[in-house]
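Below is a short report on a protein model. Look over the sequence and the structure before reading on.

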Amino acid sequence: MASLSLNRTTLRALLPLASLALVLAATFYAQPRTMSYFGLNLMLQYAVTIALATIAQMFIITVNDLDLSIGPFVGLVGCIGATLLYTTPLIGILALLLCIAAYAAMAALIHLRSLPSIVVTLGASFIWLGIAVMILPSPGGKAPDWLKAIMSLQVPLIPFPIVAALVIALLVHIGLMTSSYGVIMRGTGGNPRAMARAGWSELKTKMTMYALAGFFGVLSGLSLIGLTTSADAHIADRYTLYAIAGVILGGGEFVGGRVSPYGAVIGALTLALAGSFLIFMRISPDWQIGAQGAILIIVLALRALISAGEVRR
């Protein structure tokens with residue numbers, strides 16, 4: 001019985017990797033020339049940006065909340081990066097720090113007023129978008145040269161997006177899954193009353209997690225303009241759905257503390273590859289979100305079947 005339970009747990013943990021392998025195999029079958037350093041680098045060029053946004057969403061989900069504003073927030077950061085950060089770096093850095101502080105303040109508002117995170121973050125999404133439009137009314141601006149240099153790095157043997165994604169997953173895993181404070185942050189999402197009885201402030205923990213989400217959202221926005229070299233207020237509108245889907249594809253659940261940094265990054269890579277695969281299949285971009293949603297539903301259905309088997313036993 002214990003062996004069967006372990007096998008099902010292992011199978012559940014391997015689902016994100018299996019979905020990535022399946023999409024990768026389908027892509028190689030549809031376009032064999034992508035099975036190369038250049039091909040992988042081209043297909044995964046936006047994987048780092050999506051992975052960073054997904055990690056940001058993962059921090060929010062860890063404390064039982066959901067962020068519907070990460071897409072517009074990434075767009076706002078892109079606009080700041082392509083204007084203020086380029087022309088007056090000091091002001092640009094201060095603006096980005098204010099963005100992170102605004103995320104922490106949003107956590108305080110949600111906690112102190114017992115407001116639904118979905119409602120607050122949805123309202124925040126309009127604020128981020130409005131500020132972005134004020135900063136950059138039309139697409140334009142210019143990314144700093146150092147950002148473009150970072151995002152165009154070439155490393156031997158393995159494409160830079162894969163290396164960067166693995167480094168991101170490793171660093172977040174060490175901080176969230178193995179450190180003592182990481183246990184506290186996950187525990188606050190899993191059992192906030194127990195953590196409060198132990199003397200840990202739920203308010204401070206939530207503000208920390210939201211600030212981390214804002215920090216990774218800033219990194220996502222900066223990496224995005226490093227690739228596009230310019231900005232647009234609407235450039236990352238879809239990233240909200242990408243981020244949520246990436247966390248869930250990676251094994252995360254809407255139950256506090258049950259997340260996986262490695263899984264979230266794998267989920268982000270899967271979504272990035274799925275977009276390239278649909279392009280190779282000459283499927284309209286309008287259908288890409290639907291196709292990526294179908295991948296998510298299939299993975300969730302498989303996860304439910306595994307869980308159902310565990311319950312029956």
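Which residues make a nonpolar surface patch of about 400 Å²? The patch is made by Leu 90, Ile 93, Leu 94 and Leu 97. Patch residues have over 30% relative accessible area and no salt bridge, with like charges joined within 9 Å and nonpolar side chains (Val, Leu, Ile, Met, Phe, Trp, Tyr) within 5 Å. A salt bridge is a side-chain nitrogen of Lys or Arg within 4 Å of a carboxyl oxygen of Asp or Glu.

The model is predicted: local features need pLDDT of at least 70, side-chain atom pairs count only at pLDDT 80 or more, and totals for chains, interfaces and linings use all residues. Residues are numbered from 1 along each chain as its sequence is written, and side-chain values use heavy atoms, with hydrogens and water left out.

**Helix α6**

Leu 97 is found in helix α6, residues 89-112. Helices are DSSP runs (H or I, at least four residues), numbered from the N terminus. Ala 101 is also found in helix α6. Ala 101 counts as partly exposed because its relative accessibility is 42%; buried means under 20%, exposed over 50%, and partly exposed in between (1.4 Å probe, protein chains only). Ala 101 and Gly 214 are 113 residues apart in sequence, yet 7.9 Å apart in space, C-alpha to C-alpha.

**The second largest pocket**

The second largest pocket has a volume of about 340 Å³. A pocket is an open set of points on a 1 Å grid over the protein atoms alone, where a 1.4 Å probe fits, with protein on both sides within 12 Å along at least five of seven lines; lining residues have an atom within 4 Å of a point. The volume is the space filled by probe spheres set on the points.

The lining has 17 residues, and Val 48, Leu 52, Ile 150, Ile 168 and Leu 219 lie nearest the centre. Two or more residues each come from α3 (47-62), α8 (145-151), α9 (160-178) and α12 (202-228). Helix α9 gives the most, with 7 residues. By class, the lining has 16 nonpolar, 1 polar and no charged residues.

Most residues other than glycine have a negative phi. Two exceptions follow.

| Residue | Phi |
|---|---|
| Leu 157 | positive, about 70 degrees |
| Thr 229 | positive, about 70 degrees |

Leu 157 is found in the loop between α8 and α9, and Leu 157 is exposed because its relative accessible area is 81%. Thr 229 lies in the loop between α12 and α13 (239-249). At 35% relative accessibility, Thr 229 counts as partly exposed.

Methods: Accessible areas come from the Shrake-Rupley method with a 1.4 Å probe; for residues, only the protein chains shown count as cover. Ala, Val, Leu, Ile, Met, Phe, Trp, Tyr, Cys and Pro count as nonpolar, Asp, Glu, Lys and Arg as charged, and the others, Gly among them, as polar.
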